[in-house]
Amino acid sequence: LAHRLIEHYALDPRTDKYHVTGVGCASAVPLLRLLGAATPQTPGRRGLVVAAESMSGLLVRATEEDPRAKTVGSAIFGDGCAAATLEYDPACAGPRIVASTVHQVPGTLDAVRMALSDHDSHLHLARELPDVAAAHLGAAVDDFLRPLGLTRYAIDHWICHPGGRRILDCVQEALELSDAAIAVSREVLAERGNVGTPSIFYVLHETIRQRRPGPGERGLLVTIGPGVTIGLMLLAW
């Protein structure tokens, strides 16, 4: 995709480009971290993240004889694309990336996987996936915020990956969030489903559009994906 964009927009052939694949819903945080490290800290220099998922090319229509996991996966996932620019500008109104981390839960590689055969393909989600993610989420968030001198109660906006209804239910319970705090994520899930990496950008966009964060407010971006991997990114306005 990056190579096509270079040619489509007639950019300098020496333009740096990086690809992150196979990380699924958890890739937004490593994408932004990689871009932040690669973008020169010079005002006026910008980087572009393009998140694209094409789940329809991997999914086969479910039948009554198929396992429930296939039906759920086919119902939740769809195609999507999102983009974001990143630049070094101390005067920018925000959001500003303060810190980030990616935490992989040990022993969970099979919780999310592609099931492929000669005649069938679907995304398999373990029934216990939401519970596994939630069991580690509270400690991961607290451990991430503590060195920054913050607690979860200092977060004004929760930007949570809409991975599914049970994912959001478990995230809300694990972090003791109100219905209002998770409302934007539920709205994005209802309107767009889970489209992998772009989903969290949709939630961020809608949070900015609807909530209009003000100076001094903080947001925590939370992604959950294969691995099981939890991505956390602290934003400030």
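In this predicted model, the mean positions of the 22 positive and 26 negative charges of the chain lie 4 Å apart.

**Overall form**

Seven helices and eight strands make up the secondary structure of the chain. The chain is as compact as a globular protein of its length, because its radius of gyration, 18 Å, is close to the 18 Å that the globule rule gives for 237 residues. Along the principal axes, the C-alpha atoms fill a box of roughly 60 × 45 × 35 Å. Buried residues account for 43% of the 237 in the chain. Of the contacts between residues at least 6 apart in sequence, 68% join residues at least 24 apart.

Helix H7 covers residues 198-211, 14 residues in total. From its first C-alpha to its last, H7 reaches 20 Å, which is close to the 20 Å expected at 1.5 Å a residue. The buried residues of H7 are Pro198, Ser199, Ile200, Phe201, Tyr202, Val203, Leu204, Glu206 and Thr207. Arginine 212 follows H7 and has a positive phi, near 50°.

Helix H5 spans residues 165-175, and in this helix Ile167, Leu168, Cys170, Val171, Gln172 and Leu175 are buried.

| Residue | Relative accessible area | Class |
|---|---|---|
| Leucine 48 | 51% | exposed |
| Alanine 62 | 27% | partly exposed |
| Histidine 157 | 7% | buried |

Leucine 48 belongs to strand S1, which runs over residues 46-53. Is leucine 48 buried or exposed? At 51%, its relative accessible area makes leucine 48 exposed, because the class begins over 50%. Leaving aside residues up to four places away in sequence, leucine 48 touches Leu35, Ala83, Ala84 and Thr85. One of these contacts, alanine 84, is 36 residues from leucine 48 along the chain, and their C-alpha atoms are separated by 5.8 Å.

Alanine 62 is placed in the loop between S1 and helix H3 (68-76). Its relative accessibility of 27% makes alanine 62 partly exposed, since that class lies between the 20% and 50% limits. With residues up to four places away in sequence not counted, alanine 62 touches Lys70 and Thr71. The C-alpha atoms of alanine 62 and aspartate 120 are 9.5 Å apart, and the two residues are 58 apart in sequence.

With a relative accessible area of 7%, histidine 157 is buried, because buried means under 20%. What does histidine 157 touch, not counting residues up to four places away in sequence? The residues are Thr207, Arg211, Pro213, Glu217, Arg218, Gly219, Leu220 and Trp237. Among them, Thr207 is also one of the buried residues of H7.

Technical notes. Residues are numbered from 1 along each chain as its sequence is written. This is a predicted model: local features need pLDDT of at least 70, side-chain atom pairs count only at pLDDT 80 or more; totals for chains, interfaces and linings use all residues. Side-chain values use heavy atoms; hydrogens and water are left out. Helices (H or I, at least four residues) and strands (E, at least two) are DSSP runs, numbered from the N terminus. The radius of gyration is taken over C-alpha atoms; the globule rule is 2.2 Å times the number of residues to the power 0.38. Buried means under 20% relative accessible area, exposed over 50%, partly exposed in between (1.4 Å probe, protein chains only). Contact means heavy atoms within 4.5 Å. Lys and Arg count as positive and Asp and Glu as negative; His and the chain ends are not counted. The place of a charge is taken as NZ of Lys, CZ of Arg, CG of Asp or CD of Glu. The expected span of a helix is 1.5 Å times one less than its number of residues.
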